[in-house]
Every structure is written in C-alpha cells, then in structure tokens.
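Morning, everyone. Let me put one structure on the screen and walk through it.

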Amino acid sequence: LEKMFSPKNIKINDVLRLANAPKNTDLDESMDITVIQKILEMNCIEVQSVDREKLFEALSIVSHVDFWRKNANMHPNFNRVKNWLWVHTKYRQYCAKLTSNNDHGKALNDFNKFSKKIKDHSVFEDTQLFKFFKDHADKLNNGDQGENMATALDKLAQQHETMTLEEDVREAFKKASDQEEDPTWKKLLQTYEDDLTTHLDTEERTLVGPWLNMSDDLNRIYRSYLSWKYSIMY
C-alpha cells in the first residue's frame, strides 16, 4: 500500500516564526490534540514533544488558505511546484503590462501572444495536472473522499473555457481607435486581468498544498501523467 503523504518533516518552529502570517480563524479551539497532530503531520510539520498551544498556533498558520502558495519555498518538496508557480507569477506580470499599455496596436499584438500562452497552459492543466489530482483526489483530502477537490477542479476547468473574454476583447480592439479617451478595450483588459488573477489564485489554493504534501509514490504516479514536454517543465 502506497503512503499518501510525504514523510519529510518541517520544523514546527520554522512555522511559528511566521507569527505575522495570516491565520485560519475558523478552527475549533476545542479540537482534540490528536486531530491537530494528524493534520500537521499531513502537512509535513513535526509534532513530537510539542505542547498543544504551539501545535494549535502552527495549525492556525498552516491551514490558512494562502499559506502553502505563499510559503511553498519552505517545504522540502518545493521543487514539485516551483516552475508552475513561477509561470503563474510571470503571467500576472505580463498581464499587468498589458493593462498598462496605451498603444492600441502593440496591446493587441501582445494580447494575442499572451492569450496563446494561456490556452496552451490551460490544456496542460486540464489534460494532465487536473486529471491526476481528480483521479487521486480521494487520497489527498481529509474526510471528504476528494469531493471538494474534484468539484473545485471541475470549476477551474470550466473557467478555462469561459473566463478569458478573449472574443469580447478582440472585438473591442477592432472597434477601437488610438484617439479614444477611455477605450473599451482597456476596460475589458482590466476585467481580463482581474479574472485571470482570481483564477490563478484559486488554482494555487486548491493544488499547492496537496502537491507539496503528497507522498513520493503519488508524485511518481503524477509524473506518469505528464507528456515529454511538460515532464521537463514541471
């Protein structure tokens, strides 16, 4: 039987040093210590010889929705997600440049290039990355048989089809002129950036923690889902 979670441990004090990190305020403060320990162990946090107060403090930090996507570099399995997160960062930066561009012709050319990159990335996620996590979601969620993850991934895949507003943006570019004081294409590009940013954030919140914490056995299975091209990248 394969192990579900990574055996590699993170020192609990390294988590507690992040005292200013956002905390999950929805935790049940009466939670049994064995439950706290189990969840921390699933997140590769050491729990031996640590009192309940420190364990609960660490859990409130680690279980925040943004913790792992913001602190993935402290995880021993960071290399699993490093390039994927780097690509997302580059997409955010590129999109921000698009929305700040006042040159109609250059903005259209840059938008066409960028939307092609997004389409290619979405195909990879839908056919390889999301597929693996949906197929093995029951092994990577605590108590819900993977239903929450599978539902989240279905929604993200649907957004790949509908979120980009590409046709609306291109239509606005066609109708636009450089002389417009407040061009529609700029407004639509801003909406495009907002939608994309929300989408990337949600992908990271859904996947980074399980991706980091899953066992080496599951990671090997994940890599078997990758095409030759993406096995080099991710």
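This is a predicted model: local features need pLDDT of at least 70, side-chain atom pairs count only at pLDDT 80 or more; totals for chains, interfaces and linings use all residues.

Numbering starts from 1 along each chain as its sequence is written, and side-chain values use heavy atoms, with hydrogens and water left out.

The fold. The chain has 11 helices and zero strands. Helices here are DSSP runs of H or I, at least four residues, and strands are runs of E, at least two, numbered from the N terminus. Of the 234 residues in the chain, 44% are buried, meaning under 20% relative accessible area with a 1.4 Å probe, protein chains only. Now contacts, which are heavy atoms within 4.5 Å. Take those in the chain with a separation of 6 or more: 76% come from residues 24 or more positions apart.

Next, the pair. How do H8 and H9 cross? The axes of H8, residues 166-175, and H9, residues 184-213, come within 8 Å and cross at roughly 160°. Axes are lines fitted to C-alpha atoms over the stretch in contact, and angles run from 0 to 180 degrees between N-to-C directions. So H8 is roughly antiparallel to H9; the cut-off is over 145 degrees. On the H8 side, Asp168, Val169, Ala172 and Phe173 make the contact. H9 brings Thr184, Trp185, Leu188 and Leu189.

Last, cysteines. The structure holds zero disulfides, that is, pairs of cysteine sulfur atoms within 2.5 Å. Cysteine 44 is buried at 0% relative accessible area. Cysteine 95 is buried too, at 1%.

Notes:
Angles under 35 degrees count as roughly parallel, over 145 as roughly antiparallel, 65 to 115 as roughly perpendicular and the rest as oblique. Buried means under 20% relative accessible area, exposed over 50%, partly exposed in between (1.4 Å probe, protein chains only).
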